[in-house]
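Reader: I'm new to this one. Can you walk me through it, starting with a charged pair?

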Amino acid sequence: MTRVAAIDCGTNSIRLLVADAHPETGELTDLDRRMTIVRLGQGVDRTGRLAPEALERTFAACREYAAVIKEHGAERLRFVATSASRDAENRDEFVRGVLDILGVEPEVITGDQEAAFSFTGATKELTGRDDLAKPYLVVDIGGGSTEFVVGDDRVRAARSVDVGCVRMTERHLVVDGAVTDPPTEEQIAAMRADIEAALDLAEQSVPLHEARTLVGLAGSVTTVSAIAQNLPEYDSARIHHSRVSRDRVREITERLLRSTHAERAAVPSMHPGRVDVIGAGALVLLSIMDRIGAEEVVVSEHDILDGIAWSVA
């Protein structure tokens, strides 16, 4: 058994997992799993730089996580940074800040590496289940990018494309510094066209239509599941490995895109940091399901963070 810590820093959130890894059984025993919305990717698509206030929010979360890691006595730590920090001109500022706080240098990984971690985290515990046909298509809908991975016991093909809930919101739904409330039909159509173009790109290297089971990861997907189940609050245990039909995803997506900020904020399971970006994230999920003809999505709470932890163990 090895006690490990993994940090996944994305465009919208930063997350920590401290766990005991049992390689012989393939199990991770969570000791602490937490998420903070820091919106590191604020404005990156437009400016190409990480904003000072976004960096400070991220460093504040890192200081909190450093205390948790020390408290649990983790033997090893790996810090992985994804889409926003890949794209930013001033990512050296981010690297120096994390190194000062946590004592490790963040690894700004490629989209292919991100996809491999997501696949491992999402599918390691599915081994042996006869109700989920292989190959799997794992889709990790992040803030800045979406990873597509097809595989069975290992990755066969992967591709990362630049559509995520934050990037799509900032690119298509923000006017004069504010999110349109609710979006216009023209804005939604432009966003949908952008997503479809990204799916065309993904299909050039990933055989999306060969997949027999769609596995969806990250906050947009888990939030859709929480809404589909009418949960009174966010409940990871009920969300993990839940299944949501395409018709239900369509109904929820259309409702989110028609709703105001106040209406979305009133959803009991909605994290405040997702209120403005959930409509775009749900549309990415629906577009993927429509493209491959998936009748349902299997929702996983285990994702890139778990894959990073296994890579440390």
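**Charged pairs and domains**

Author: Glutamate 251 and arginine 255 both sit in H10, 4 residues apart, about one turn of the helix. This is a predicted model: local features need pLDDT of at least 70, side-chain atom pairs count only at pLDDT 80 or more, and totals for chains, interfaces and linings use all residues. Residues are numbered from 1 along each chain as its sequence is written, and side-chain values use heavy atoms, with hydrogens and water left out.

Reader: What do glutamate 251 and arginine 255 form?

Author: A salt bridge, with the closest N and O atoms 3.8 Å apart. The term means a side-chain nitrogen of Lys or Arg within 4 Å of a carboxyl oxygen of Asp or Glu.

Reader: Is glutamate 251 buried or partly exposed?

Author: Glutamate 251 is partly exposed, at 40% relative accessibility. Arginine 255 is partly exposed too, at 36%. Buried means under 20% relative accessible area, exposed over 50%, partly exposed in between (1.4 Å probe, protein chains only).

Reader: New topic. How is the protein divided?

Author: Into domain 1 (2–109) and domain 2 (125–299). The bounds come from an automatic or database domain assignment. Their centres, taken over C-alpha atoms, are 22 Å apart.

Reader: How many residues are in contact between domain 1 and domain 2?

Author: 14 residues of domain 1 contact 13 of domain 2. Contact means heavy atoms within 4.5 Å.

Reader: And how much area do domain 1 and domain 2 bury between them?

Author: About 1000 Å², 43% of it on carbon and sulfur atoms. Buried area is the accessible area (1.4 Å probe) that two parts lose on being put together, summed over both. In domain 1, Asn12, Arg39 and Asp45 lose the most area to domain 2, together 42% of what that side buries.

Reader: How many salt bridges between domain 1 and domain 2?

Author: The count is 0.

How values were computed. Helix = DSSP H or I, 4+ residues; strand = E, 2+ residues; numbered from the N terminus.
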